[in-house]
Amino acid sequence: RFKMPPSAKRSKECNIQVAVRCRPRNSKELNENSPVSVEVKEREHAIETKVKSGGKLDTKTYNFDKVFGPETTQAQVYRSVAEPLLEEVLAGYNCTIFAYGQTGSGKTHTMEGYRTEGQTFESYLDDPGVGLIPRALSHLFEKLDAGKTEYTVRASFLEIYNEDIFDLLSGVEDTSKLRLFEDARNKGSVVIQGLQEVLLK
């Protein structure tokens, strides 16, 4: 049976949280003088949209567990979204961060980010450009090394695109689609057949 992490118990037994990050306008949108169509209200955990409909401006408000505006840094998103889950992973709970959005909405920027060129940092945590994945891995190894216990870390890296699953560690030439099955040994768990698992440490 799935054990709910402590943070889920604190939030009225809900083990799914939805966070929304709104990106700034890109260069094309700035050149075309496209209007900003969303207003982020971080304190209210809400996003307000303004859309023209029938000659008038309609405003709709959507509430989420967390919202981040265009000026939010990679470090702020990490501290709010991923860092609390890392503690729960180390306590033995399964946790997932799932990035969803249309092409160009900033999923890769948030999850992977980029290395800041021309500067050296002691840790990925210090580089302002890197996303959630390198920050989480760097933080994970720092915590494991500080614990002075033996450990093994294995990783898989997959992409779900148009309901197809691809192994991102299998190489560029491998475009085979993977299949998802329920795990007969672990009720409520799933197995992805053929997904590579790489030993990190």
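Which residues make a nonpolar surface patch of about 500 Å²? Phe 98, Tyr 100, Leu 158 and Ile 160 do. This is a predicted model, in which local features need pLDDT of at least 70, side-chain atom pairs count only at pLDDT 80 or more, and totals for chains, interfaces and linings use all residues. Residues are numbered from 1 along each chain as its sequence is written, and side-chain values use heavy atoms, with hydrogens and water left out.

**Surface patch**

- Patches are made of residues with over 30% relative accessible area and no salt bridge; like charges are joined within 9 Å, and nonpolar side chains (Val, Leu, Ile, Met, Phe, Trp, Tyr) within 5 Å.
- Accessible areas come from the Shrake-Rupley method with a 1.4 Å probe; for residues, only the protein chains shown count as cover.
- Buried means under 20% relative accessible area, exposed means over 50%, and partly exposed lies in between (1.4 Å probe, protein chains only).
- Tyr 100, one of the patch residues, counts as exposed because its relative accessibility is 75%.
- Tyr 100 sits in the loop between α3 (74-90) and α4 (107-111).
- Helices (H or I, at least four residues) and strands (E, at least two) are DSSP runs, numbered from the N terminus.

**Nonpolar core**

- In soluble globular proteins, nonpolar side chains tend to be buried together.
- A nonpolar core is a set of buried Ala, Val, Leu, Ile, Met, Phe, Trp, Tyr and Cys residues joined through side-chain atoms within 4.5 Å.
- The largest such core has 12 residues, among them Phe 68, Val 77, Met 111, Leu 132 and Val 153.
- Helices α3 and α5 (132-146) each supply at least two residues of this core.
- Helix α3 gives the most, with 5 residues.

**The open sheet**

- Three strands form an open sheet in the order β2-β3-β4, with antiparallel pairing.
- Its edge strands are β2 (38-41) and β4 (56-63), and each pairs on one side only.
- Neighbouring strands of this sheet are turned by 20° against each other on average, direction ignored.
- For such angles, axes are lines fitted to C-alpha atoms, for helices over the stretch in contact, and angles run from 0 to 180 degrees between N-to-C directions.
- Two strands pair if DSSP finds at least two bridges between them.
- Strand β3 (residues 46-53) pairs with β4 in the antiparallel sense over 8 bridges.
- Within this sheet, Ala 46 stands opposite Asn 63 in β4.
- The loop between β2 and β3 holds His 45.
- His 45 is not a glycine, yet has a positive phi of about 55°.
- Most residues other than glycine have a negative phi.
- His 45 counts as partly exposed, because its relative accessibility is 35%.

**The β7-β8 hairpin**

- β7 and β8 form a hairpin with 2 residues between them.
- Their pairing is antiparallel, over 4 bridges.
- Glu 159 stands opposite Phe 166 in β8.
- Asn 162 has a positive phi of about 50° although it is not a glycine.
- Asn 162 is exposed, with a relative accessible area of 62%.
- Side chains alternate along β8: Ile 165 and Asp 167 point to one face and are buried.

**Salt bridges**

- A salt bridge is a side-chain nitrogen of Lys or Arg within 4 Å of a carboxyl oxygen of Asp or Glu.
- The structure holds 11 of them.
- Glu 48 bridges to Lys 41, with the closest N and O atoms 3.1 Å apart.
- Glu 48 is buried at 14% relative accessible area, whereas Lys 41 is partly exposed at 27%.
- Glu 39, Lys 41, Glu 48 and Lys 50 are linked in a network of salt bridges.
- Asp 145 forms a salt bridge with Lys 201, and their closest N and O atoms are 3.4 Å apart.
- Asp 145 lies in helix α5 and Lys 201 in the segment after β11 (198-199), so this pair ties together parts 56 residues apart in sequence.
- Asp 145 is partly exposed at 40% relative accessible area, and Lys 201 is partly exposed at 45%.
- Lys 177 and Asp 164 meet in a salt bridge (3.6 Å, N to O).
- Lys 177 lies in the loop between β8 (164-167) and β9 (179-182), and Asp 164 in strand β8, 13 residues apart.
- Lys 177 is exposed at 54% relative accessibility, while Asp 164 is partly exposed at 25%.
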